[in-house]
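Here are some friendly notes to read alongside the model. Please keep the structure open and find each residue as you go.

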Amino acid sequence: MNLNRRNFCKLGAGAAAAALAPYHFALAQTEDGFLEIRAQKAEQSLYPDSPKSTIWTYNGTTPGPEIRVKQGERVKVRFINELDEPSSIHWHGVRIENAMDGVSGLTQNAVKPGERFEYDFVAPDAGTYWYHAHNRSWNQVGRGLYGPLIVEEPYPTFDSEHDITLVIDDWLLDQNGQFDEGSMGMIMDWSHAGRLGNWITVNGKSMPEIDLRAGEPYRLRLINVSNARTLELDPNRFEAKILAFDGQPLPEPISMPYEPYLLSSAQRVDLLVIPKEGQDFVLEELSGNKPFPFATFRVTGKVNGAPSVPVLKPNALTEPDLNAATTHRSLITGGAMGRMGNMTYKGAPLGRQEMMQSMQFWAFNGVANLPEQQFFTAKRGETVIIEMINDTAWPHAMHVHGHHFRIEEREGSTIDEGRPWKDTFLIGPSQTTKIAFVADNPGQWLLHCHMLEHAAAGMTTWFEVV
């Protein structure tokens, strides 16, 4: 579904803007040093002047509270499940100890209703990350179970007034402006583009207005938590530069060399913005016939001298050795529009009837959903190349757990972002992409599409580092 004014106007009159302060909500520690996060149902308005929706939240709000720690510090979270179904928390993008990765069915058992689980890990890399449910993610993330995790640099950078987190989600709302619960789990979504909403919120607010001061440098941390939507953006429209992709700083800020910039589900981008005097600007989604503004920045004050822009230092990631790498090939098949191929699920062939019954429409190397046999095993310290061949009619946001990688090759693409580190990459229809990383984090790690309906419908596998 394209985001355009016609789709939104079906919900009612034009939406009023909401003031939005910088997103900082500190969690209080308990006596034993843990932060408590409770998964619970709550009521929250998603569209102006509409009745509240029943959504799933962390500590009563979506997004959940922002967790901020310094690089190298421990994150200690006591997760308490107050929902009616099991859940877990995944710490997206963090090179974490495997037992703390939060993947139900692979690294831990899902936390049952009324029970709790303690996550305790070191945050090794400064940057923009997030946390979200990782059991029935298509359902739980889609209902609001997510929040930002910010790992601050151990040296002075942007202060709290100039460091703004923007958690962006698209919701599918009904004619009353309420969350459309009945549309969850639709076969059309699972076999096509995934669940796409018709309304955008930023930090849980509709069309917020954010005040900035002219001539002062800001870091805007954009986090796309949508189930499946790839946001089409153009930072050049307000002369923003890229500071970091997926939490990993670039050697220096760059202007995006193309447009639109595609921020896929689960990806993050840090923007450097130095507002100009008297020039308000907007964040716009560009996938529709006309740009759709979803956040407005009001610029106040006057410029006083040249700005001093903080410099971000790279995290200590080991460069892959391509000359000594092992290559592992994964063919993506399935989905609507043909190209199903031969697929199996739980060891049995998948015919059309079995696909409809099991809701399994996608496969890696002919196998749908998390297989018993790992995709590959790598020795610790080994350089790995994964060659992904997308033989489907749809794009996919591929996420590697426990590691960051460099994109070494994109077939048919001239996009050059300087080989940045990422943990999630977008692969286009009929495209082949090669990524490389050093398998230096032992354990069993998930590899899946972060269009969450695609993952649930088969696009999930795993690899092992020993």
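1. A word first on what a pocket is: on a 1 Å grid over the protein atoms alone, it is an open set of points where a 1.4 Å probe fits, with protein on both sides within 12 Å along at least five of seven lines. Grid points are joined across faces, edges and corners, and a volume is the space filled by probe spheres set on the points. The largest pocket here has a volume of about 420 Å³.

2. Before going further, note that this is a predicted model, in which local features need pLDDT of at least 70 and side-chain atom pairs count only at pLDDT 80 or more, while totals for chains, interfaces and linings use all residues. Residues are numbered from 1 along each chain as its sequence is written, and side-chain values use heavy atoms, leaving out hydrogens and water.

3. By type, eight are nonpolar, nine polar and one charged (Ala, Val, Leu, Ile, Met, Phe, Trp, Tyr, Cys and Pro count as nonpolar, Asp, Glu, Lys and Arg as charged, the others, Gly among them, as polar).

4. Which element gives the most to this lining? It is α5, with three residues. α2 (137–140), β33 (443–449) and α5 (452–456) each supply at least two. These labels are DSSP runs numbered from the N terminus: helices (H or I) have at least four residues and strands (E) at least two.

5. β33 also belongs to an open, mixed sheet of five strands, ordered β26-β34-β33-β28-β31. Its edge strands are β26 (377–378) and β31 (424–427). Strands pair if DSSP finds at least two bridges between them; β28 (residues 396–400) and β33 run antiparallel, joined by three bridges. Val400 has Leu447 of β33 as its bridge partner.

6. Another open sheet, also with mixed pairing, has six strands in the order β25-β22-β27-β32-β29-β30. β25 (362–364) and β30 (421–422) each have a single partner strand, so one side of each is left without a neighbour in the sheet. Eight bridges link the antiparallel strands β27 (residues 382–390) and β32 (residues 432–439), and Ile386 stands opposite Ile435 in β32.

7. Finally, find Trp91, Leu222 and Met398, which touch the most other members of the 117-residue largest nonpolar core. Such a core is a set of buried (under 20% relative accessible area, 1.4 Å probe, protein chains only) Ala, Val, Leu, Ile, Met, Phe, Trp, Tyr and Cys residues joined through side-chain atoms within 4.5 Å.

Methods. On a 1 Å grid over the protein atoms alone, a cavity is a set of points where a 1.4 Å probe fits but cannot get out, and a pocket is an open set with protein on both sides within 12 Å along at least five of seven lines; lining residues have an atom within 4 Å of a point. Buried means under 20% relative accessible area, exposed over 50%, partly exposed in between (1.4 Å probe, protein chains only).
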